[in-house]
Amino acid sequence: MHIPIKRSNNDRVLAGVIGGLAEHFQWNSTIARVLWVILALTPLPGIIGYLVLWLLMENPED
C-alpha cells in the first residue's frame, strides 16, 4: 500500500519525507520540519509516524 505522495528529490534532509509532504501540500518546508521536530520530541508518535510515512510514500524516481 502506497500513498500518492512522493518523497522529495530536491528538498531532502534525511529521506525527503517532510520535503515531499511540503511539496505536495504546498507548505513551507522549514515550518513543516520545525513542526515535525516538535512532534518527534513526543516519546514515540513522531518517530513511528516518520518511519510509516517513509515506507508508504513513493520514491521520487518512480
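Is L21 buried or exposed? In this predicted model, L21 is buried, because its relative accessible area is 13% and a residue counts as buried when that value is under 20%. The sections below set this residue in the chain as a whole and then go through the helices.

## The chain as a whole

The chain holds three helices and two strands, and, when it is read along the sequence, these elements follow the pattern β-α-α-α-β. The radius of gyration is 11 Å, close to the 11 Å that the globule rule gives for 62 residues, so the chain is as compact as a globular protein of that length. Taken along the principal axes, the box filled by the C-alpha atoms is roughly 35 × 25 × 20 Å.

Of the 62 residues in the chain, 31% are buried. The accessible surface comes to about 4400 Å², and 68% of this surface belongs to carbon and sulfur atoms. Among contacts between residues at least 6 apart in sequence, 51% join residues at least 24 apart.

L21 has its place in helix α1, where the buried residues are V17, I18, G19, G20, L21 and A22. Together, the buried residues of α1 pack against β1, α2, α3 and β2. For L21 itself, leaving aside residues up to four places away in sequence, the residues touched are I5, W27, L53 and M57; one of these, L53, is also among the buried residues of α3. Between L21 and V34 there are 13 Å in space, C-alpha to C-alpha, and the two are 13 residues apart in sequence. After α1 comes Q26, whose phi is positive, near 55°.

| Helix | Residues in helix | Span between end C-alpha atoms | Expected span |
|---|---|---|---|
| α2 | twelve residues | 16 Å | 16 Å |

In α2, which covers residues 29-40, the buried residues are S29, A32 and W36. Seen down the axis of α2, these buried residues fall within an arc of 60°, so they line one face of the helix. An α-helix has 3.6 residues a turn, so residues three or four places apart point the same way. On the other side of α2, the exposed residues are T30, I31, L35 and I38, whereas the buried residues of this helix pack against α1 (17-25) and α3 (45-56). At the start of α2, a side-chain oxygen of N28 reaches to within 2.9 Å of the backbone nitrogen of T30.

In α3, the residues that are buried are G46, Y50 and L53. Seen down the axis of α3, they fall within an arc of 70°, so the buried residues line one face of this helix too. P45 and L55 are exposed on the other side of α3. The buried residues of α3 pack against β1 (3-6), α1, α2 and β2 (57-58).

## How the helices meet

Taken together, the packing can be followed from one helix to the next: the buried residues of α1 pack against elements including α2 and α3, those of α2 pack against α1 and α3, and those of α3 pack against elements including α1 and α2. Both strands, β1 and β2, are likewise packed against by the buried residues of α1 and by the buried residues of α3.

How values were computed. Residues are numbered from 1 along each chain as its sequence is written. This is a predicted model: local features need pLDDT of at least 70, side-chain atom pairs count only at pLDDT 80 or more; totals for chains, interfaces and linings use all residues. Side-chain values use heavy atoms; hydrogens and water are left out. Helices (H or I, at least four residues) and strands (E, at least two) are DSSP runs, numbered from the N terminus. The expected span of a helix is 1.5 Å times one less than its number of residues. Buried means under 20% relative accessible area, exposed over 50%, partly exposed in between (1.4 Å probe, protein chains only). The arc is that of the directions from the helix axis to the C-beta atoms. Contact means heavy atoms within 4.5 Å. A polar contact is a pair of N or O atoms within 3.5 Å; within protein, one must be able to donate a hydrogen and the other to accept it, and residues adjacent in sequence count only if both atoms are side-chain atoms. The radius of gyration is taken over C-alpha atoms; the globule rule is 2.2 Å times the number of residues to the power 0.38. Accessible areas come from the Shrake-Rupley method with a 1.4 Å probe; for residues, only the protein chains shown count as cover.
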